[in-house]
Amino acid sequence: MYKPLRQKVHLAFVLLAAGVLPAAGAPAEKAPSIPKFGYADYAWSKVSDDFQAPESGPGPVTYDKNSPYTNNQRAVAGRPITLRIADLSNPILMPWAIESMRKANDLAAAGKSAYEARASCRPGGVPGFLVMGRVNPLYIVQGPKEVVLINEGGPEVRHIYLDVPHSPRPKISAYGDSVGHYEGDTLVVDTVGLSADTFIDNYRTPHTAQEHVIERYRLIDGGNTLQVDIRVEDPGAFKMAWSARQAYHRGQPAESLNGQLLEAICSENNEVLVDATVSATPKADKPDF
């Protein structure tokens, strides 16, 4: 679907820019005792581009049981690849959200449109960022003042500012205003100020600007798995708060070896923009150079 540009950027430059690596001649500082999520020589590979259910309580929207979702990695002989049809019986959904998703389901079932942020070269929002692209790895850059999350596809970048309060008047945007702090072995991220023009997930679950998301990042399985527990509140779109989970396995994707971040610009490399299931990609009104 995509033909990545064959240009690579070494992560050392990213780390230096974020203040993780000291500039030449700078005195060494004693690193605080915090969990280490980011390295220059490997990335995190998501287990799925769907959210997993929490251990208990209300959970995320998934596929309609009468229309199970099969992607091109799961497809087997006799079972064709299918588009996502959302389960509208999930009790978290407000009536208006159900109707919005019903229309989207009808379009997907007819093969006319099945919007996904990654395929459409648009921001994933929060927590949608965590399910963007099935194969695109996640890099994490940890600095003393911020944590940077980089989805190689796009690329899409989130900034999490550490040990500071939310802006009193956060600018509404796709990735909102994210602040974080460490609680022992866990990075806790609190995000508000999210624009309503993104979706929660790849099932086109809508939300409003009232959305409030808390993510908890923690290493398990001896550091080989990154687990993200998610809690979403939005009184404008959901009848109740609900939770979800995402997980990443420590890996070294073939296109991202030796600490090299592949520059995979989406819009210039998406070869199926005329496909009916992919929406139009953003275009600038004027050149930026």
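Predicted model: local features only at pLDDT ≥ 70, side-chain atom pairs only at ≥ 80, totals over all residues.
**Notebook: burial, folds and aromatic rings**

Entry 1. I looked up the secondary structure and recorded three helices and 13 strands in the protein chain.

Entry 2. I next examined contacts along the sequence. Of the contacts in the protein chain between residues at least 6 apart in sequence, 60% join residues at least 24 apart.

Entry 3. How many aromatic pairs does the structure hold? I found five aromatic pairs. For F238 and W242, the ring centres are 5.7 Å apart and the planes stand at 85°. Planes over 60 degrees apart count as edge-to-face, so the pair of F238 and W242 is edge-to-face.

Entry 4. Are F238 and W242 buried or exposed? F238 has a relative accessible area of 3% and is buried. W242 has 2% relative accessibility and also counts as buried. The cut-off I applied is that buried means under 20% relative accessible area.

Entry 5. I also looked for a group of rings, and I recorded that Y39, Y42 and W44 form one aromatic cluster.

Entry 6. Lastly, I checked charged side chains over rings. K65 lies over the face of Y63, at 5.7 Å from the ring centre. R158 lies over the face of F129, with 5.7 Å to the ring centre.

Conventions: Residues numbered from 1 in each chain as written. Heavy atoms only, no water. Phe/Tyr/Trp six-rings, centres within 6.5 Å; stacked < 30°, edge-to-face > 60°. Buried < 20%, exposed > 50% of the residue type's maximum accessible area, 1.4 Å probe, protein only. Lys NZ or Arg CZ within 6 Å of the ring centre and 35° of its normal. Helix = DSSP H or I, 4+ residues; strand = E, 2+ residues; numbered from the N terminus. Contact = heavy atoms within 4.5 Å.
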